[in-house]
Amino acid sequence: MVNLDIESIKKNIRRVVGDKKVLCYVSGGVDSTVLAKLLYETLSPEQIIAVHINHGFMRAGESHDVQKALDSAGMNLRVVHAVDRFLNATTTVDGRETPPLKKVTDPQIKRQIIGDTFMRIQQLIEQELDIDLSNTILAQGTIAPDIIETKAGVKTHHNDSPAVHELRKRGEVLEPFSEFYKPDVRKLGELLGLPKEIVHRQPFPGPGLAIRLICAEEPFLENFDETNSALKMRFENNDVFANLLPIKTVGVKDNKRSYSYAAVLSGQPNWRILFKLAQEIPKSINNINRVVYIFGEKINHVDREITPTLLSKENLSQLRAADKVVNDILTKYDLTRTISQVPVISFPVPFGQIGNRSICIRPFITKDFMTGRPVVPGEDMPEAALDEMVNKIVAEVPGISRVVLDLTPKPPGTTEWE
């Protein structure tokens, strides 16, 4: 943990900002919320423009909850509703204009469009409020893992887009947490007097559900038969059935980002054996970087079909409903402080039910958010809580075929699927 000398941090902020205005995007996540509180503790209120942008990728009711929490902390939060603007947004990559976000399947392009759209909305806000561009600094809650993973090529972070690079060059970005890790930011939030329910809330990426809705228009079938045969030959037995999913997810191989298959295991859940397989499979088969366990009936084979999926309000609503089920049960069992993060992912495999999708639950334990391990049911999390999540999602969220649990450590599997 870094030295949390609040007065030194405040002194540095005053040095960088001077008498300029500061624009701070507040996503509702821990980092940006603590940053907003820190700014209000450090600068005069007239200098701070705190903005929450509802891009349409938030959790259920989260924009309302963000505004309520920050208002109660004495902060004047400006809310911008921009759902359609984001879905229709484009950007330029390698000199070419991208399709609108709602038609993009590439996860890195998704992130870049979202990051650049945030920057364009900042400019519109500056124009609307008649802010002097030469007298305004952008404040971001960027933490060390965001920068490290971007430089390593593991992911493109929305706080580190080309537009942000240009602002950094001109000295117009304030990032006081750039050497911090998540526990440091949480501790700082406590020292600043923020409520524990804010400081210890589950981390949520800036692009939100946009990167937890796996988009694809066609199945991923590169070397599918060979890989699936190798998987079955080496790892399938009378107790465990092993199959390849016709999608790709992000992972880390040789310290670089890779896109490879996810393998799905089924059968009776002997967690010791399943987690051992989750470690062995990616090591033995190079183009598999993620292993999940599927609840319910065993899977003898997986059809090659997928449900074509793009970012749409309907698909996001389906994921949002599943995410709410999981987070409500995490709260019910008081697991939000003991489990570091629980991404809920929609992926376009119907498992024989045409037009359906499936849901992955990814409970994860980490200290630095760059490495970590999956939660072990019965040890880190009551099996009753997990069973309740699975049963409620299938019963209450229309269009969901099956639920899987991600068993993959990081590396080779990243925390997120995109």
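A: The model is predicted, so local features need pLDDT of at least 70 and side-chain atom pairs count only at pLDDT 80 or more, while totals for chains, interfaces and linings use all residues. Residues are numbered from 1 along each chain as its sequence is written, and side-chain values use heavy atoms, with hydrogens and water left out.

Proline 203 lies in the loop between α9 and α10; helices (H or I, at least four residues) and strands (E, at least two) are DSSP runs numbered from the N terminus. With 4% relative accessibility, proline 203 counts as buried, a term for under 20% relative accessible area, as against exposed for over 50% and partly exposed in between (1.4 Å probe, protein chains only). Leaving aside residues up to four places away in sequence, proline 203 touches Arg59, Lys182, Arg186, Arg212, Ser340, Gln341 and Phe369, where contact means heavy atoms within 4.5 Å. The C-alpha atom of proline 203 is also 6.0 Å from that of glycine 29, although 174 residues separate the two along the chain.

Leucine 213 belongs to the loop between α9 and α10 as well and counts as buried, at 0% relative accessibility. Not counting residues up to four places away in sequence, its contacts are Lys110, Thr309, Leu310, Leu311, Asn315, Leu316, Leu319, Ser346 and Glu418. Between leucine 213 and serine 312 the C-alpha to C-alpha distance is 9.7 Å, and the separation in sequence is 99 residues.

Because phenylalanine 220 lies in the loop between α9 (196-199) and α10 and tyrosine 261 in strand β9 (residues 256-266), the pair ties together parts 41 residues apart in sequence. Phenylalanine 220 counts as buried at 17% relative accessibility, and tyrosine 261 counts as buried at 1%.

Helix α10 (residues 224-235) and helix α11 (residues 271-284) have axes that come within 11 Å and cross at roughly 135 degrees. That angle makes α10 oblique to α11; angles under 35 degrees count as roughly parallel, over 145 as roughly antiparallel, 65 to 115 as roughly perpendicular and the rest as oblique. Axes are lines fitted to C-alpha atoms, for helices over the stretch in contact, and angles run from 0 to 180 degrees between N-to-C directions. Leu231, Arg234 and Phe235 of α10 make the contact with Leu277, Glu280, Ile281 and Ser284 of α11. By class, this contact has 4 nonpolar, 1 polar and 2 charged residues; Ala, Val, Leu, Ile, Met, Phe, Trp, Tyr, Cys and Pro count as nonpolar, Asp, Glu, Lys and Arg as charged, and the others, Gly among them, as polar.
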